[in-house]
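Reader: Please show the structure first. Questions about it will follow.

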Amino acid sequence: MDMFHDNPMLQGVRQMLGAFAKQMIRPIAIKHDQEESMPWDLMKAAQSVGMTQTAVLDGRKRLTGIDEDPDPKKPRSQARIGVAASEELAWGCPGIALALGGSGLAAAPIARMGNDEQKDEFRKLLKGTDEQGHIKIAAMALSEPGTGSDISGMKTAARRDGNYWIIRGSKQWITNGRSASAYVVWAQTEPAAGRAGVRGFLVARETPGLVPGKKETKLGIRASETAQVHFEDVRVHQDMMLGGAHSGDGPAGGLADTKKMLDATRPAVGAQAVGIARAAYEYLLDRVRRGTLHGTPMASHQHIMFELAEMHMEIAASRLLVHRAAWMADHHLDNVADASAAKAHGARTVQYVTNRAMVLLGEEALEPGHLVEKCYRDAKIYDIFEGTGQIQRRIISRTLTGQNPT
Amino acid sequence: MDFRLDDEQEMIVQTIRRFADRDLRGWAADADRAGAPPERLHAMAAELGFFLDAVPAANAGALDGAYSHTLRALRGFELGRGCAGMAALLETNVEPALAARAWGTSAAQQALFGSLAAGGLATFAHDSRGLLEIEDTGGLRVSGKLGPTPALAAASHVLVAAGDLLFLIATEGLARQPITPSGWRAARWATATLDAHRVPADFVLARGEPGRTAIAAVLSWIRTSLAARAAGVATGAMEHAFAYARDRVQFGQPIGTFESLIRLRDDALTGASAARLMALYAAWAIDTSAPDAADAASRARVHAGDVVARATVDALQIFGGYGFVNDYPAEKLMRDARAFEALYGDERLGRVLAAKAQATAR
């Protein structure tokens, strides 16, 4: 398989989502950043081009026209499609991209661990519109006030009550946390079993005791809603537990599976970072091509031109790492360290590029609503969520020294 | 060589440190959200000697004798630890006042000092990219855009450096657009659009070679002050981050005991410490008319700009997810860091262009 040329399908994804980002996302990006509001109209419109809130469950055929080969030994293309799509959408606006795809965070564990009944229930919960006329969305509730990087210290607990589980605890930094109609919440069902006792539950918004908390005011990705969610003795039928109860036979359905799922998203998160870096770099590139400094073309100054070259190199290197990690996933190769490298390098690149672009643009980039200033604020979360830069370096270095990376 | 502070310096540092720790830090989050300083800032800061410290005593100010840029750098570091946005307001009168004192006509001095003595503000803008169009026939006709500039929304006068011209503009009648950028949000920013705006001849402070010399001096003052404040922001960011890191436990230990995070703090404080010393050296060089004062101020700002950008990003990293939301000061500090590098032009670029011009002239 040739890694260095896009196949026609990937080219199609790039072109379609690139055009979507340019025509539909970018024109509203600053507005939603400034208002810190969700792009509900766009989220509705996006469904018509296949970006549905249940797309992760329903497969990518509507988006790409191609079904995955069910043979688990044959190469797939979903990871590479994912990174190509992620870069384009984040180029438009990573906050809006997350608003469009945030439900996928909840759909992913259901696709991986859910049975048919749970999948149908998830689809049912996301059908139609909510009381405000918005399309229905979903949230995955994993992180807690006391557990950021260290999710094994989870405090949210589920205790059994006949055929039901009673969930109690608080979740933090939850994408779509206030507006979701369906939640996948992770809770400890058997403290003695440690990580293996953690299970996911599908919970409908209107379930008594589910209380959305404070919406966070964030540095970046402000078009995506982030909130606390409280579970005050929420009663959930055992049929809505993903992967079945802990049996002592292994971690299937437990936190280990969830961690694998997070590992699988890292190349796409790295690709989003590449998309933001590219947005800032392209803005600067355009300015350098057309701008002047004391009456001389900006492009006549080595100081500026070499910085452009540095940015170009870093973005290209990050993109290659991202695509390599995705290619490995599609070829069923162990890519844990490579996915971490792709994510961590992408985070570093986007912070470097947005920082330098702001400096080179000077005072203009301080104006409210400046695209590059927004990119700078959006960039930082890429070194924090989905595993901090420190967690990625831990995974990479432990792999290098022959230790268990997780 | 003696690195110890004298009694007056020590007293001012302690006073401003208390003000920064108790008041500025206490007000910072609300001022950031509101995009404006608290009303009591002006009165409290005036009591501490801000606003009139560079206005001559003969004009109802507090300056008797030489101005001490060393004292200003010492206090600037403490202000930076408190809040960069409010610090910008507290320091905003210094450049216009010192420039008017050094090169102003009596008309310019009377207009500016009269306004400042009555509680007004002034600010400074630098046309670092040569974008203003200026017709000079004794008086000036100025067209183009000024800013974004802190304090411009509230200022009665703005000192402008453009090419080899240093001049004062009264803002009355000037088309100003108040803005609230994402950093230094309390600093009453604005841009101004000038369309053949008339500057009277007696508001032109310097032109030609004397103009270049005057502008170099003004830029040295503000670069030094910016560097000191930036070093303070970087230091303050790590103070906040490690107060958090002492309490935050992950993987069974306070995150402040992780080597990688200790390294982030150590690098930041090493850089901030160097930036503070570079700013203090530049200030001393200005105060003693040392020949390398302008270069020292510029170098201090380059380094302090790098340090504050890195330190605030790393401080946020230590806060993790909490750093990204506005419950903690980290994300504000990261936003505040930007103006230190962006205002008055890219310092590295300025240095390169100046060195190139010098090399070409040889």
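Reader: Which domains does the domain assignment of chain A give?

Author: This is a predicted model, in which local features need pLDDT of at least 70, side-chain atom pairs count only at pLDDT 80 or more, and totals for chains, interfaces and linings use all residues. Residues are numbered from 1 along each chain as its sequence is written, and chains are lettered from A and ligands numbered from 1 in the order in which they are written. Domain bounds come from an automatic or database domain assignment. For chain A these are domain 1 (8-111), domain 2 (119-240) and domain 3 (255-400).

Reader: Which helix of chain A gives the most to the side of domain 1 that touches domain 2?

Author: The centres of domain 1 and domain 2 of chain A, taken over C-alpha atoms, are 23 Å apart. Their contact (C-beta atoms, placed from the backbone, within 7 Å) takes 26 residues from domain 1 of chain A and 25 residues from domain 2 of chain A. Helices are DSSP runs of H or I with at least four residues, numbered from the N terminus. On the domain 1 side of chain A, six residues come from the one that gives the most, helix 7.

Reader: At what angle do helix 5 and helix 6 of chain B pack?

Author: Axes are lines fitted to C-alpha atoms, for helices over the stretch in contact, and angles run from 0 to 180 degrees between N-to-C directions. Helix 5 (residues 94-103) and helix 6 (residues 106-117) of chain B have axes 9 Å apart. Their packing angle is about 145 degrees.

Conventions. Helices (H or I, at least four residues) and strands (E, at least two) are DSSP runs, numbered from the N terminus. Two residues are in contact if their C-beta atoms, placed from the backbone, lie within 7 Å.
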